Amino acid sequence: MTYGGPGGLWDVDAMTPAEFVLAGPVTRDEVKGLCDDVRALLEATGAPVVVCDVGGLGPPGLATVDLLARLALTARRAGSGIRLRDPDPALHALLDLVGLRFEVEGQPEQREPALGVEEAVEPGDPAV
């Protein structure tokens, strides 16, 4: 028994990250609604990652850290992750201080060398 499948290439659905913009200082009362919005976005798109544009959040504080931690937990429960776009350096430092690690858009992944960096080899070095 043979099967004559369709000719040509298979349809491939490109998985692009969903985008979510956070603007202005966010109050504690808004956090639950924002988590619901991220959950709905993930259900609608099926994206593996949500890119959160945090450039408009303003000066970082513990309320921002709480918001990002809850959004990350919401995304993780939906089987996705969070990536930050345009974080303030102070926000990045504050997240490091409290022990939260987020992937930041445009930065190389951990253990991945930055683009354009080459390792030098000295003559006489043993082959690895």
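Author: What follows is a close look at helix H2, its partners and the spaces beside it.

This is a predicted model, where local features need pLDDT of at least 70, side-chain atom pairs count only at pLDDT 80 or more, and totals for chains, interfaces and linings use all residues. Residues are numbered from 1 along each chain as its sequence is written, and side-chain values use heavy atoms, with hydrogens and water left out.

H2 covers 62–77. Helices are DSSP runs (H or I, at least four residues), strands likewise (E, at least two), numbered from the N terminus.

Start with helix H1 (28–45). H1 and H2 pack at about 30°, and their axes lie 9 Å apart. Axes are lines fitted to C-alpha atoms, for helices over the stretch in contact, and angles run from 0 to 180 degrees between N-to-C directions. H1 and H2 are therefore roughly parallel (under 35 degrees). Their crossing is right-handed: the near helix is turned clockwise from the far one by less than a right angle. Contact means heavy atoms within 4.5 Å. From H1 come Arg28, Val31, Leu34, Cys35, Val38, Arg39 and Leu42; from H2 come Asp66, Leu67, Arg70, Leu71, Thr74 and Ala75. That contact holds eight nonpolar, one polar and four charged residues. Here Ala, Val, Leu, Ile, Met, Phe, Trp, Tyr, Cys and Pro count as nonpolar, Asp, Glu, Lys and Arg as charged, and the others, Gly among them, as polar.

Now helix H3 (residues 89–98). H2 and H3 pack at about 70°, with axes 10 Å apart. H2 and H3 are therefore roughly perpendicular (65 to 115 degrees). Leu62, Thr64, Val65 and Leu68 of H2 meet Leu91, Leu94, Leu95 and Val98 of H3. This contact has seven nonpolar residues, one polar and no charged ones.

On a 1 Å grid over the protein atoms alone, a cavity is a set of points where a 1.4 Å probe fits but cannot get out; a pocket is an open set with protein on both sides within 12 Å along at least five of seven lines; lining residues have an atom within 4 Å of a point. The whole structure has one cavity of 30 Å³ or more. Val26, Thr27, Arg28, Val31, Ala63 and Asp66 line the largest cavity.

H2 gives the largest share of its lining, four residues. Strand E3 (81–85) also supplies at least two.

Definitions and conventions
Points joined across faces, edges and corners; volume = space filled by probe spheres on them. Parallel < 35°, antiparallel > 145°, perpendicular 65-115°, else oblique.
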